[in-house]
Amino acid sequence: MSMAILGGHLLGGRQASRLRKLGGGTALVTFCVAAGCAVVLFGLRRDVAALLAPRPETAAALTFFLGYSCLSLPVRCAGMILHGVFSGTGATRLSCMVSCLCMWALYVPLAFLLARGLEWGAAGVFCAMTLSHCASFAWTVRLFKGKKWLEYGMRRRQNEYSPISPDPGGKRGGC
């Protein structure tokens, strides 16, 4: 949410280059901090699982899940930062498109294929989750490096909030 607020503020102040630098830098720092936390959690995953799940079979499944979650944690966190930047600049369609397509066109079919088709069970679902998060992050970074999201947000704001833009139906103002 903070990146959405800062993104909108910087874009409104016509500071697009500062927005790019702040968004990219924050995503990089977030990635590094999350990677450090993931490494620590990965090392402690058996102890954490035993603490959270007293039954050995449940603890074993949780240990397995935590392993995959640690792999995807840095990309999920950094991707959320970049999606916040997109949202703050008005390019929410890009975030929605990436999230929906990676979920419904990649994660769900891949989870079904790995879990049922290849009979990996829960491991297939966890593996598909990690791959989906990595694909989503790669796509988001590619979009962030381009200019379309920034231009869309700027054009959208200029068209909607310009004092000379038409106001059909008098829908502005009020609650």
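Guide: Let's start with Trp104, which is found in helix α4 (a helix is a DSSP run of H or I with at least four residues, numbered from the N terminus). One caution: this is a predicted model, where local features need pLDDT of at least 70 and side-chain atom pairs 80 or more, while totals for chains, interfaces and linings use all residues. Residues are numbered from 1 along each chain as its sequence is written, and side-chain values use heavy atoms, without hydrogens and water.

Visitor: Why does Trp104 count as exposed?
Guide: Because its relative accessibility is 62%, and exposed means over 50% with a 1.4 Å probe, counting protein chains only.

Visitor: New topic: what's the volume of the largest pocket?
Guide: About 300 Å³. A pocket is an open set of points on a 1 Å grid over the protein atoms alone, where a 1.4 Å probe fits, with protein on both sides within 12 Å along at least five of seven lines. The volume is the space filled by probe spheres set on the points.

Visitor: Which residues are closest to its centre?
Guide: Of 14 lining residues (an atom within 4 Å of a point), they're Arg76, His83, Ser99, His133 and Ser136. Helices α3 (56-88), α4 (92-117) and α5 (122-145) each supply at least two residues of that lining.

Visitor: And the second largest pocket, what's its volume?
Guide: That one is about 150 Å³. Its lining includes Gly24, Phe31, Leu82 and Lys145, and α2 (16-52), α3 and α5 each supply at least two of the lining residues.

Definitions and conventions: Buried < 20%, exposed > 50% of the residue type's maximum accessible area, 1.4 Å probe, protein only.
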